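Please open the structure in your viewer and keep the selection panel at hand.

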Amino acid sequence: MAVLKVKFTKTKRDKLAQILWILNWVSVVSGIILFSLGLFLKIEIKKRNEVMAKGDINSVPNMLISVGVIACIINFLGGKICYDCSDANKFSRWKLVMLPYIVCTFCFTFCILVGALMCYTMRNELEESLYLGLRDAIKFYKDTDIPGRCFLKKTVDLLQIGFRCCGNNGFRDWFEIQWVSPRYLNMASKEVLDRLKSNVDGKFLVDGVPFSCCNPSSPRPCIQYQLTNNSAHYNYDFLTEELNIWMKGCREALLDYYTGIMRSIGVAALLIWLFELSVLIGVRYLQTAMKNVLLLGDLEGESDGWLLENSFVETAKYNINIIKNLGKANQISTVSGMNDPNINVQNTDCDKTNITTKSIPAAR
């Protein structure tokens with residue numbers, strides 16, 4: 001029994017073909033939107049590539065860009081097919097193409113759904129990439145004279161100012177590294193030497209942060225050094241001075257930023273997936289209705305259209321059997337000589353000759 005069978009008159013078939021022709025062109029626009037969203041996300045990730053570790057974080061934008069390009073091609077072809085389906089004579093040249101087209105389009109719409117879901121499942125990979133990238137960027141913050149790292153100080157400072165954050169997880173990350181370049185340390189100073197000797201690694205560690213961590217909204221001048229020493233500053237308590245420096249870590253700030261972008265893109269991709277799926281259902285009805293018209297031979301009469309010719313269970317069993325048969329056809333037996341017509345062929349009487357061989361006289 002056909003699933004969701006609908007009866008179509010010639011007028012309904014023509015209107016359906018015209019509507020689908022318009023919707024396929026709208027789908028081309030939706031493909032351009034998907035491409036643009038993927039390109040936008042790729043550019044945003046590229047902007048802060050210096051503070052991200054290498055990984056699969058570009059898989060989502062690449063997926064969206066690819067799906068967007070494919071959407072434009074498939075829906076452009078779909079528009080041409082639906083336009084020709086308004087004429088039964090023109091439909092005959094697309095008759096063998098439409099079913100493979102529908103199958104390919106179904107797989108394509110599934111890819112859109114996968115791309116939309118990836119926007120919501122990428123958070124963990126992005127968080128790990130940001131953690132490792134920011135850790136290395138802060139570690140090499142002081143290396144302003146080393147080629148390949150000299151740009152990191154400016155990158156981190158602009159990042160902390162723009163996203164109102166400080167450090168990787170928080171401002172205390174700066175206490176654990178030497179972020180002042182050795183060229184700016186006075187090695188003749190006893191205080192500097194004492195600090196270098198105060199830790200095993202011989203680093204100049206201070207309870208201070210770069211200027212880019214300062215909050216301009218603070219009512220008092222920014223305190224960058226001796227942040228945890230209340231006695232070093234008048235009327236100061238580092239536990240309550242939340243307005244002095246940014247308290248949020250840059251990993252959290254960037255993660256919130258990119259998560260917001262990907263959620264918005266995910267919603268847009270889901271809406272486009274639903275739209276593409278509805279267009280695909282319409283194309284399937286048009287294909288089956290036109291096919292039945294040709295079978296009946298009455299181009300002006302009514303015809304039935306459906307999503308599936310048989311029930312879901314019967315269709316599933318049929319496709320499973322096809323896959324099994326393909327597997328059996330390509331199966332090669334591992335047993336030597338088994339089921340191979342070219343091995344161990346028994347000799348027949350035709351192979352034996354009863355002709356008496358004559359002796360050939362020796363050449364004189």
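This is a predicted model: local features need pLDDT of at least 70, side-chain atom pairs count only at pLDDT 80 or more; totals for chains, interfaces and linings use all residues.

A nonpolar patch is made of residues that have over 30% relative accessible area and no salt bridge, with nonpolar side chains joined within 5 Å.

**Stop 1. The whole chain**

Display the whole chain as a cartoon. It contains nine helices and two strands. Followed along the sequence, these elements come in the order β-α-α-α-α-α-α-α-α-β-α. The chain has 364 residues, of which 38% count as buried.

**Stop 2**

Select Trp21, Ile22, Trp25, Val26, Phe76 and Tyr83, and show their surface. Together these residues make a nonpolar patch of about 620 Å². Which helices each supply at least two residues of the patch? They are helix 1 (10-47) and helix 2 (59-84). Helix 1 gives the most, with four residues. Phenylalanine 76, for its part, is located in helix 2.

**Stop 2. An enclosed space**

Rolling a probe the size of a water molecule over the atoms shows where empty space is left. In this model, a search of the whole structure finds two cavities of 30 Å³ or more. The second largest cavity is the one to visit here, and its volume is about 40 Å³.

Select its lining: Asn24, Asn75, Tyr101, Thr105, Glu276, Val279, Leu280 and Val283. Two elements give two or more residues to this lining, namely helix 4 (95-121) and helix 8 (250-296). Helix 8 gives the most, with four residues. Colour the selection by class, and the lining divides into four nonpolar residues, three polar residues and one charged residue.

**Stop 3**

**Stop 4. Salt bridges**

A salt bridge is counted where a side-chain nitrogen of Lys or Arg lies within 4 Å of a carboxyl oxygen of Asp or Glu. The count for this model comes to 11 salt bridges.

Glutamate 127 is partly exposed, with a relative accessible area of 28%.

Next, select aspartate 136 and arginine 135, whose side chains meet in a salt bridge at 3.6 Å, N to O. Aspartate 136 is partly exposed, with a relative accessible area of 31%. Arginine 135 is also partly exposed, and its value is 43%.

Then select aspartate 143 and lysine 142. Here the closest N and O atoms of the salt bridge are 3.7 Å apart. Is aspartate 143 buried or exposed? Aspartate 143 has a relative accessible area of 11%, and the cut-off for buried is under 20%, so aspartate 143 counts as buried.

To finish this stop, select Glu44, Lys47 and Arg48. Salt bridges that share partners join these residues into one network.

**Stop 5. Two positive phi angles**

The last stop concerns the backbone. Select arginine 164, which is not a glycine and yet has a positive phi of about 55 degrees. Arginine 164 is found in the loop between helix 6 (152-163) and helix 7 (190-197). It is exposed, with a relative accessible area of 56%.

Now move to glutamine 226. This residue is not a glycine either, and its phi is positive, at about 50 degrees. Where does glutamine 226 have its place? It lies in the loop between helix 7 and helix 8. Glutamine 226 is partly exposed, with a relative accessible area of 33%.

Terms used:
Residues are numbered from 1 along each chain as its sequence is written. Side-chain values use heavy atoms; hydrogens and water are left out. On a 1 Å grid over the protein atoms alone, a cavity is a set of points where a 1.4 Å probe fits but cannot get out, and a pocket is an open set with protein on both sides within 12 Å along at least five of seven lines; lining residues have an atom within 4 Å of a point. Grid points are joined across faces, edges and corners, and a volume is the space filled by probe spheres set on the points. Ala, Val, Leu, Ile, Met, Phe, Trp, Tyr, Cys and Pro count as nonpolar, Asp, Glu, Lys and Arg as charged, and the others, Gly among them, as polar. Patches are made of residues with over 30% relative accessible area and no salt bridge: like charges are joined within 9 Å, nonpolar side chains (Val, Leu, Ile, Met, Phe, Trp, Tyr) within 5 Å. Accessible areas come from the Shrake-Rupley method with a 1.4 Å probe; for residues, only the protein chains shown count as cover. Buried means under 20% relative accessible area, exposed over 50%, partly exposed in between (1.4 Å probe, protein chains only).
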